[in-house]
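Please read the points below alongside the model.

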Amino acid sequence: MTATRVPGQPVVEDGVLISTNPASGAEAGRVPVAGAEAVNETVRRAHEAALWWQALGYDGRRERLLRWRSLIVRRIEELARLTSLETGKPDADAVVEATGAVEHLDWAARNAKRVLGPRRMRTRLLVAEHSGHLEYQPFGVVGVIGPWNYPILTPVGPISGALAAGNAVVFKPSEYTPIVGQWLVDTFAEVVPEQPVLQAVHGLGDTGAALCRSGVGKIAFTGSTATAKKVLAACAENLVPAVIEAGGKDALIVDADADIPAAAEAAVWGSMTNAGQTCIGIERVYAVAPVYDAFVSAVVEKAAKLRTGEEIGPITMPRQLDIIRDHIDDALAKGGRAVLGGADAVQPPYVSPTVLVDVPADSREIRDETFGPTLTITKVADADEAVDKANDTAYGLGGAVFGRKNALKIARRMRSGMVAVNSTLSFVGMGNLPFGGVGESGFGRVHGEDGLREFARAKSITVRRAPSALPGMTFERTPAQVANIVKALRILYGRK
């Protein structure tokens, strides 16, 4: 390795992308970079493969997707080690991540036919001579642009949904985790060797932009809000629809009747897992006054036991260290206090667990996504104030509530796509629940029935079964027939 290379920072040399471990600098692997022509050729092959894949039908695709699922399970330790090498995250975290991917792959494969298969729809009286039919047709090729923080779980969600719906997929992994992405593609090819149904293209941002312009039918993107806007701009050139899962600044509300030890444990997990590099990570807590002190003490006690280099891995993207340091410094400069960690927490490539209190609402630590193992805890008078403060953000991805009597009511009032009650992050593990956000956290959904429908076009078909009793859509209608239509409308819909 050359002396100028920064551990974890992607490097392109002679058309090859080199991936390294962010802590040790050890090389994880090399993949060829795809320019615009290579991306276009990959998508062309994908369109041909999609015809074969669609012809297999739901049952044929289900069988092959479940074979891929089983292969991942058999080789889960191998995948975990590779993920740990490339991202720095602990092996155990990588195993848990892969477990979630297996759940979503299994659910999509087993449920695509039920959710997307052709069905007959009930007719309406005014058009009773027609039968209605609904089916969902694949886009053909879906482009998936994945993130680096969860390089298995996050892309497998849209990949599995798109494949189950009958699309071929071209996958652009993050330049920070190309080797894990290539492993997913290569293992799929082991169980589906006939056609290049799932392919990868590697490179930096220009490769992702080329994918958006390559003729794919839809894009599924996961990443920062800033990059999401660039993706949407590229997609807009050809009106390519997109599913966007962007940043978050998720909040946990702790009500007066919460189980404080459980809430503290969940807050530490939700904020510190994967070194805080989690789009649905808990970055803010609003605890009501009666339990605030006990909650802060419990969080500090639990978080202080975490060890950097073991439970807390390195920050995968080196430049994120500057953002984390800036957020902590800004919070302290504006009057916040560190009850754990603080100004010296950032020791590249690690950040030690940091818990901040009395942080003003206008600080970057409260307003912007930090993406590190930091947590702010704010005292509020009651749940109403907590909801107001939790919703005072441009983001709206996930969230959590701890409490008993009113927890579900509070959860429903939070402006977010998902909320966990008496846990954190748990909604990502349920294959039948849709996942996605609002506001600057994006739009559209992956996972669950809504996620499957994102990767297929609804197509409506009517079939005439008999002559029209109330002919309206014809120039041959008579005044008497129009009068009969009016009478029928009044009988059917004229009463309150």
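1. The largest cavity is lined by 14 residues, among which R284, A390, T393, G398 and R415 lie nearest its centre; a cavity here is a set of points on a 1 Å grid over the protein atoms alone where a 1.4 Å probe fits but cannot get out, and lining residues have an atom within 4 Å of a point. Its space comes to about 90 Å³, a volume being the space filled by probe spheres set on the grid points, which are joined across faces, edges and corners. The lining holds 5 nonpolar, 5 polar and 4 charged residues, where Ala, Val, Leu, Ile, Met, Phe, Trp, Tyr, Cys and Pro count as nonpolar, Asp, Glu, Lys and Arg as charged, and the others, Gly among them, as polar.

2. This is a predicted model, in which local features need pLDDT of at least 70 and side-chain atom pairs count only at pLDDT 80 or more, whereas totals for chains, interfaces and linings use all residues. Residues are numbered from 1 along each chain as its sequence is written, and side-chain values use heavy atoms, with hydrogens and water left out.

3. The second largest cavity, with about 60 Å³ of space, has a lining that includes H104, W107, S160, H447 and L452. Helix 4 (91-116), helix 5 (153-164) and helix 15 (448-454) each give two or more residues to this lining, helices (H or I, at least four residues) and strands (E, at least two) being DSSP runs numbered from the N terminus. The lining divides into 3 nonpolar and 8 polar residues, with no charged ones.

4. The largest pocket, an open set of points with protein on both sides within 12 Å along at least five of seven lines, contains about 980 Å³ of space. Of its 37 lining residues, W148, G223, S224, T227 and R319 are the closest to the centre, and helix 8 supplies the largest share of the lining, 6 residues.

5. In the second largest pocket, of about 470 Å³, Y150, L153, I280, L425 and V428 lie nearest the centre among 26 lining residues. Helix 4 gives the most to this lining, with 4 residues.

6. An open sheet of 3 strands has the order 1-2-3 with antiparallel pairing, two strands being paired if DSSP finds at least two bridges between them. Strand 1 (11-13) and strand 3 (27-32) stand at the edges with a single partner strand each, so one side of each has no neighbour in the sheet.
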